[in-house]
Amino acid sequence: MIAQESRSDVVDLRSDTVTLPTETMLARMQCAPLGDDGREGDPTVRELEARGAALTGKEAGLFVPSGTMGNLLAMLAHAERGTDVFADNGAHLLNSELGSVVTIAGLVPKSMPSHRGAMDRAALEQAIRASSRPGLIAMETTHNGAGGAVLPLAHMARIHALGQESSIPVHLDGARLFNASVALGVPAARIAEHTDSVMFCLSKGLSAPVGSLLCGNEAFIARARGFRKLVGGNMRQSGIVAAAGLVALETMIERLSEDHAAAKRLAAALAWLDPALADPDQVQTNILRIDVSGSLHDAAAWAAGMKQHGILVQASGLAQLRLVTHRHIDVSAVDRTIAAFAAVAG
Ligand SMILES: *Cc1c(COP(=O)(O)O)cnc(C)c1O
């Protein structure tokens, strides 16, 4: 048994990936029916893939070890080597996946100007027109770099329409798709309908220990499945971890609103301390990007100071902190964080 108590009383706001599996997940893992996912298939993985496909309104799903691999397989399965991939200039897929877009997928990154994670549509249209080999359009919601911003559905519909007019597939990096779904108050399928494929993570706010799903039509998923083998992503009795993913989808989606409320409360308190730190109106989901450029310390000094109070935050560049709320951040953790900010601010 993994002791949930093994967490110390450190408040870890670096990421929602630090969430531990629930008791229900651990129990389901122990009795999951298993098989060889690289041969005739693992029944628990097949169930999870079907569930993910149904939730996103797609024909088929593919279980992958990570969101990074899901995005990579989408690029490999959608676009030919040497073609252009268009994404917003803050996209995780372009900036935070170690260049796999170029070095493994062989695509040419075209980074688009954007506002709060949303690509400038006119700039995208121009870039597509100027491209001799367009390959893929990628969107991201919620947007990590843009502080958990949710793409408006109307924006997604316009970008998708542009892709369809130009015969370019549209992929969604939906690592936090269900945060967007809860924030918008619509089913995930209403978001994913504006894309040809979608990746979402089970291992972030949904608290599963491992795994992501890539969903799309049958032919696309069949190609992605081939590429998964190529990059070493066949996982054999992966029903062990897929079982936790099933519980994540069954029990952990609705509670994401608690994480969003905690983030809002943090933002409001920080804005009260110093309005330059945070704008509560910009906090839509579970990520806060705190601007410390007007404070006495740089981001690294802030992170070190907070750590002395038992609060872990992530420095991002010289002047920004990233705080992510999740299942282990309760009311008292939020209060301790606010007190630590006040102490470090001096
Ligand atoms: C976390 C994240 C990923 C990658 O997921 P991993 O499971 O960590 O590989 C991709 N895109 C976004 C927007 C993310 O936040």
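The following legends describe close-up views of a predicted model.

**View 1**
Strands of a sheet pair through backbone hydrogen bonds, in either a parallel or an antiparallel manner. Strand 2 and strand 10 (residues 212-216) run antiparallel and are joined by five bridges. Within this pairing, leucine 62 stands opposite leucine 214 of strand 10.

Three strands form an open sheet in the order 11-14-13, with antiparallel pairing. Its edge strands are strand 11 (287-291) and strand 13 (314-316), each of which pairs on one side only. Neighbouring strands of this sheet are turned by 30 degrees against each other on average, direction ignored. Strand 13 and strand 14 (residues 320-324) are antiparallel and are joined by three bridges. Glutamine 314 has arginine 322, in strand 14, as its bridge partner. Helix 12 (residues 256-273) lies across strand 11 and strand 14, and runs at about 15 degrees to strand 11.

**View 1. The aromatic pair of phenylalanine 178 and phenylalanine 200.**
The model contains two aromatic pairs. In the one shown here, phenylalanine 178 and phenylalanine 200 are arranged edge-to-face, at 5.0 Å centre to centre and with 90 degrees between the planes. Phenylalanine 178 belongs to helix 8 (residues 177-184) and phenylalanine 200 to strand 9 (residues 197-201), so the pair ties together parts that are 22 residues apart in sequence. Phenylalanine 178 has a relative accessible area of 4% and is buried; phenylalanine 200 is buried as well, at 0%.

**View 2. The aromatic pair of tryptophan 302 and phenylalanine 341.**
The ring centres of tryptophan 302 and phenylalanine 341 are 5.2 Å apart and the planes lie at 40 degrees, so this pair is tilted. The pair links distant parts of the chain, 39 residues apart: tryptophan 302 is in helix 13 (residues 299-308) and phenylalanine 341 in helix 14 (residues 331-345). Both tryptophan 302 and phenylalanine 341 are buried.

**View 3. The surroundings of the ligand.**
The ligand is surrounded by 14 residues, of which the closest are Gly67, Thr68, Asp173, Arg176 and Lys204. An N or O atom in the side chain of threonine 68 is 2.6 Å from an oxygen atom of the ligand. A polar side-chain atom of asparagine 144 lies 3.1 Å from a ligand oxygen atom. In the case of aspartate 173, an N or O atom of the side chain is 2.6 Å from a nitrogen atom of the ligand.

Serine 15 is located in the loop between strand 1 (11-12) and helix 1 (23-30). Its relative accessibility is 10%, and the cut-off for a buried residue is under 20%, so serine 15 counts as buried. The side chain of serine 15 makes a polar contact of 3.5 Å with that of aspartate 16 and one of 2.9 Å with that of threonine 17. When residues up to four places away in sequence are not counted, serine 15 touches Arg176, Arg322, Val324 and His326.

Notes. Residues numbered from 1 in each chain as written. Predicted model: local features only at pLDDT ≥ 70, side-chain atom pairs only at ≥ 80, totals over all residues. Heavy atoms only, no water. Phe/Tyr/Trp six-rings, centres within 6.5 Å; stacked < 30°, edge-to-face > 60°. Helix = DSSP H or I, 4+ residues; strand = E, 2+ residues; numbered from the N terminus. Buried < 20%, exposed > 50% of the residue type's maximum accessible area, 1.4 Å probe, protein only. Pairing = 2+ DSSP bridges. Axes fitted to C-alpha atoms, helices over the stretch in contact; angles between N-to-C directions. Contact = heavy atoms within 4.5 Å. Near = heavy atom within 4 Å. Polar contact = N/O pair within 3.5 Å; in protein donor to acceptor, adjacent residues only side chain to side chain.
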